[in-house]
Amino acid sequence: SDNKKEKIEVGSELPSPLQTLLLIKKRRSVFTKDLTGEMIPDSVIHQMIEAANWAPTHKRTEPWRFVVISKNKFDTIFEIMTKFSLASVPESNVEEVKQRIEGKQKNMRNCSHLIIICQKKVATQKGQYLPEWEELAAVSCAVQNMHLFLTSYPQYAGYWSSGGCDGWMKAEEMKKLTGMENEGDKILGIFHVGFGGPNVPKYSSTRGPYQDKLKWIS
């Protein structure tokens, strides 16, 4: 890529309203146990992050940050996870907890990439900081963009897990790895990306009528 800004004309290139709604309805969280271990091209990951980068952002702070871990580097975070998680465990429970961690990591190895979701504390052009909830909302929208982009590939899958946010992801090694070392920076979980293949269609979901969540004043 030459990093030039791409001009996109509004027109026939856009999906129809019905296609857009269908894409949104098809979005699923596919768990790591159902991924095949096959690789997704790095080019798709780049496009997915580009999609994330077009999330709404108040004052254009763009607080989302993503750290992509390639498959051959998974052990980098697995070592941090294991070390931190076992540090405060009573000796009598170490083996039990260790087995649970190893089971989780075994499933995570089915992923193609692990993407650490981060929220950077960013000042506006006037040097002010927005309320944290606004920045969290922006990052969440960015992750939804990633998820929807993946949904456009019938066999690719993603899953945002916040497990560890209040535990091993607060380790100093994780802060250093991700660059989230300043006050107010946060690690919000991992977006697990992988090849789901025939397992993706098995995931179904339902929602209650949208009318139940709607109040229309006219």
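Let me start with a term: a residue is buried when its relative accessible area is under 20%, exposed when it is over 50%, and partly exposed in between, using a 1.4 Å probe and protein chains only. Please keep in mind that this is a predicted model, where local features need pLDDT of at least 70, side-chain atom pairs count only at pLDDT 80 or more, and totals for chains, interfaces and linings use all residues. Residues are numbered from 1 along each chain as its sequence is written, and side-chain values use heavy atoms, with hydrogens and water left out.

Now to R27. You'll find R27 in the loop between helix 1 (17–26) and helix 2 (42–52); helices are DSSP runs of H or I with at least four residues, strands are E runs of at least two, and both are numbered from the N terminus. R27 is buried but has no salt bridge, meaning a side-chain nitrogen of Lys or Arg within 4 Å of a carboxyl oxygen of Asp or Glu. For charge, Lys and Arg count as positive, Asp and Glu as negative, and His and the chain ends are not counted. The nearest side chain of opposite charge to R27 is D34, 14 Å away.

What does the R27 side chain join in a polar contact? That would be the side chain of H147, at 3.5 Å. A polar contact here is a pair of N or O atoms within 3.5 Å; within protein, one must be able to donate a hydrogen and the other to accept it, and residues adjacent in sequence count only if both atoms are side-chain atoms.

On to the charged pairs. Side chains of opposite charge can pair when their charged atoms come close. The whole structure has eight salt bridges. One of them joins K83 and E173, with 3.1 Å between the closest N and O atoms. K83 sits in helix 3 (residues 74–87) and E173 in helix 6 (residues 172–178), so this pair ties together parts 90 residues apart in sequence. K83 is exposed at 57% relative accessibility, while E173 is partly exposed at 35%.

D185 and K120 also form a salt bridge, 2.9 Å from N to O, and both of these residues are buried.

Last, the cysteines. How many disulfides are there, taking sulfur atoms within 2.5 Å as the rule? The count is zero. The sulfur of C165 is 9.6 Å from its closest cysteine sulfur, in C118, which is too far for a bond. C118 is buried at 0% relative accessibility, and C165 is buried at 15%.

How values were computed
A disulfide is a pair of cysteine sulfur atoms within 2.5 Å.
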